[in-house]
Amino acid sequence: VSLTIYNTLTRATQPFNPMSDGSVSMFVCGPTVYDYSHLGHAKTYTQFDLVARYLRHEGHELRYVQNITDIDDKIIVRAAETGVTPAALAAEYQAAYLTDMAALGNTSVDTYARAHDFVDAIGAQVRRLVETGHAYQLEDGSWYYDVTTFPDYGKLSGRTVLQAEDAVSRIDRGIGKRNAGDFALWKAPKPGEPVWESVIGPGRPGWHIEDTAITEALFGPQYDLHGGASDLIFPHHEAEIAQMEAASGRQPLARYWMHTGLLRVRSGAKMSKSSGNFISVREALTRTDYRTLRYCFLSQHYRSGIEFDEHTLVQARGARERVENFAAHVSSGESSGPEEKSRVAHTRAGFFACLNADFDTPGALAFLFDYIRSANREGWSVTAATWELLLQVNSLLDAFELAESTRSADVGLPDTEIERLVQERERLRAERGFAAADRIRDQLLAEGIVVEDRQAETIWRRGRPA
Ligand SMILES: [Zn+2]
């Protein structure tokens, strides 16, 4: 079974065929760094972290790029409010973003590309759009994209050029635009705002063109997979398509467009002292652990929205613990019999078939929980094959605490502590302190550790007395 992906561009679930065999190029819209990232970001980036981990697991050589919008109106406004330079503000929140992503276990991005570092490429792309008749200049010197020059405008979002007028996201107020839906490619310098030199003159980039300049520089004019939250479909991703496909004359910009459903904080949630929809990742991580958050995001289908509140976390933690409690009783050393092997194979096949079906993580987890429920109920022997399956699942989800050390700690004393007690007992015996030595043996037995005195040595094992 091979991977299929729901493609927003074609509105269909399609087999995943990358442009070239073996390697996959993936771009996901990163944050605008003017504030701390919130749980909505955490959902999107954790879900794409799974996509990246899965593609690599399946043997694709993945190149995963995320942009960092560090030049933007929002940054300029916030910097002015707080009395720092836009560059300092962006640097601070970029660092915070990277820290938050690491804290969430989102480790799969290869390259974080800052708009800042691609200003030349952005200027060059704007000039090509000017030369090909897609861009025009306002009186103030800003360059705008004329959406009526691109017949495919609206193909991703299913809108028309006229419907583009109701763009609510980052409404563009350029005065003298030809069409309400036209958007800025390059903004003319204004007093007090940062300014860059470029081949089309001084100014600063518009938001949409940052991404297409970055992906063209790193991947070329076409690549495999573009991701982002669903509120970016219009106008942001539509604008990306209009820019790059017009500039290069090739389409599609990206073969597959994946969009994550939005996270809403349920009103009345006690989770946060903040108001509205904004709970920062940092704040959430003071209330819960990162694996519970990952479980919460990954146990839902990525295209679904999440209504988030305290209850969501309680449920996620409960589900996590069911897996971890089960794992604590899996013997990792013993080899598995044919029955266990075949049950594990069935579970694994179901799990991966679901992931292959447009990353159906809830379906995949249902296979895992079926196995756990039956094993608990029927008292199945669960050993090496089961343990391997849990590790494999967790290499994709990173939602469970399964380290070998915690596992053996869960089933009783850690090995180091057992060694220490066994040696203490031997010392007592050598000094003929037999009563004290026997107390240690009984204590270990109560922990499920059997101590046996052989001719030349004392050995211990987990289990029942022979
Ligand atoms: Zn973007």
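Tutor: Here is a short chat about ring pairs and charges over rings. This is a predicted model, where local features need pLDDT of at least 70, side-chain atom pairs count only at pLDDT 80 or more, and totals for chains, interfaces and linings use all residues. Residues are numbered from 1 along each chain as its sequence is written, and side-chain values use heavy atoms, with hydrogens and water left out.
Student: How many aromatic pairs are there?
Tutor: The count is 16, where rings of Phe, Tyr and Trp (its six-membered ring) pair if their centres lie within 6.5 Å; planes under 30 degrees apart are stacked, over 60 edge-to-face, the rest tilted.
Student: What kind of pair do Y54 and F359 make?
Tutor: Their planes are at 85 degrees and their centres 5.9 Å apart, so this pair is edge-to-face.
Student: Where do those two sit in the chain?
Tutor: Y54 is in helix α1 (residues 39–57) and F359 in the loop between α10 and α11, 305 residues apart. Helices here are DSSP runs of H or I, at least four residues, numbered from the N terminus.
Student: Is Y54 buried or exposed?
Tutor: Buried, at 0% relative accessible area; the cut-offs are under 20% for buried, over 50% for exposed and partly exposed in between (1.4 Å probe, protein chains only).
Student: New topic: which ring does the charged end of R178 sit over?
Tutor: That of Y136, 4.0 Å from the ring centre. To count, NZ of Lys or CZ of Arg must be within 6 Å of the ring centre and within 35 degrees of the ring normal.
Student: And R303?
Tutor: The charged end of R303 sits over the ring of Y6, 4.3 Å from its centre.
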